[in-house]
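Reader: Please take a close look at the charge pairing here. Which side chains meet, and how open is each one to the surroundings? Then tell me what else is worth a look.

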Amino acid sequence: MPMAELRRRAGEFLLSRVAGDDHGPRIERIWGTPGERTYGPSDPIWHVNQDPSMYTGGVCALFLQSLHPGPMAAVATYADYQADPWARLQQISFHIAITTFATAEDAEKQFALVRAVHSHINGVDDFGNSYRADDPELLRWVHDAETWSFLTSYQRWGRGHLTDAECDTYVRQSAEGGRRLGATDLPETFAELEAQLEAFRPALACTPAALDVVDFLTHRAPLPAYAKPGYQMVIEGGKSLLPAWARQMLDLPTDSRTRRRQRALGHAATRLVGWALGGAQPSAVSPPGSSSR
């Protein structure tokens, strides 16, 4: 098989898992619809959120988020991720893409949709504490874990590198979306982001549901045999990004040899994802009428 055809097929397979079989119309809607954008090509959030490093960053975010009993209970009860993990992944990736790159009007519709869904999600976590998906504090944890993971992955393996000031801008721009979902008291700088993550630690716990997330994504994700080596590289790279305390809580290896191996796999995975997407995904150019404000 010619290399170009192999690349195209790899990219289409990857997009079908991350963006769905109907990814073509979705991509066209996001990039092709004319109108004012909230962000543009000069914004750090634009660079980070379209980089292949988002894949390992996403794995890190999922593992980190699983350590809060409230959000973890909501995912275990309502998301049904084991029955159809790709549908869950597609919902998350579509939300990030449309709120970062689509028109401001489409982004606001997406925020409103997610707020409406969250308003119906509630229950009791493993420790008997009530939770609501629209609780500003739980939304803050989910937001902080996601923002930290994406930025950390980009800084380690991304196609560019942000200055300290640009990292702060990324945190601030990400906070705009978090607030529109209902989160409050979000960080405005990277230092504030790390401080908030540290402040959450007393509320975190490694529940059976959290361990099941790690086990499912590591060993039981439904994939054809030919896709498993590349997928495993992404998973191991995501694990390497986790803070040492999170790795310990999730009972993941913390020795330096394992971490070096995982970092090498994460680097290779990011390059592989970028190569595959380059054969299938339309060029990420500035959409008509885009503006940064």
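**Salt bridges and their surroundings**

Author: Asp-212 is partly exposed, because its relative accessible area is 28%. (Buried means under 20% relative accessible area, exposed over 50%, partly exposed in between, with a 1.4 Å probe and protein chains only.) This is a predicted model: local features need pLDDT of at least 70, side-chain atom pairs count only at pLDDT 80 or more, and totals for chains, interfaces and linings use all residues. Residues are numbered from 1 along each chain as its sequence is written, and side-chain values use heavy atoms, with hydrogens and water left out.

Asp-212 pairs with Arg-220 in a salt bridge, with 2.7 Å between the closest N and O atoms. (A salt bridge is a side-chain nitrogen of Lys or Arg within 4 Å of a carboxyl oxygen of Asp or Glu.) Arg-220 has 35% relative accessibility, so it counts as partly exposed. In total, the structure holds 16 salt bridges. Side chains of opposite charge can pair when their charged atoms come close.

Next, Asp-134 and Arg-132. They form a salt bridge, and their closest N and O atoms are 2.9 Å apart. Asp-134 is partly exposed because its relative accessibility is 29%. Arg-132 is partly exposed as well, at 42%.

Now Asp-185 and Arg-140. Their side chains meet in a salt bridge, at 3.6 Å from N to O. (Helices are DSSP runs of H or I with at least four residues, strands are runs of E with at least two, and both are numbered from the N terminus.) At 59% relative accessibility, Asp-185 counts as exposed. Arg-140 has a relative accessible area of 13%, so it is buried.

The elements that give two or more residues to the lining of the second largest pocket are helix H5 (69-79), strand E2 (130-132) and helix H8 (136-157). The lining includes His-68, Asp-125, Tyr-131, Asp-135 and Glu-137. By class, five lining residues are nonpolar, four polar and three charged. (Ala, Val, Leu, Ile, Met, Phe, Trp, Tyr, Cys and Pro count as nonpolar, Asp, Glu, Lys and Arg as charged, and the others, Gly among them, as polar.) The second largest pocket holds about 150 Å³ of space. A pocket here is an open set of points on a 1 Å grid over the protein atoms alone, where a 1.4 Å probe fits, with protein on both sides within 12 Å along at least five of seven lines; lining residues have an atom within 4 Å of a point. Its volume is the space filled by probe spheres set on the points, which are joined across faces, edges and corners.

Helix H10 brings in Gln-196. Gln-196 counts as buried because its relative accessibility is 18%. From Gln-196 to Gly-24 it is 172 residues in sequence and 38 Å in space, C-alpha to C-alpha. Contrast Ala-112 and Leu-181: they are 69 residues apart along the chain, with 7.7 Å between their C-alpha atoms. Ala-112 belongs to helix H7 (residues 104-118). It is partly exposed, with a relative accessible area of 33%.
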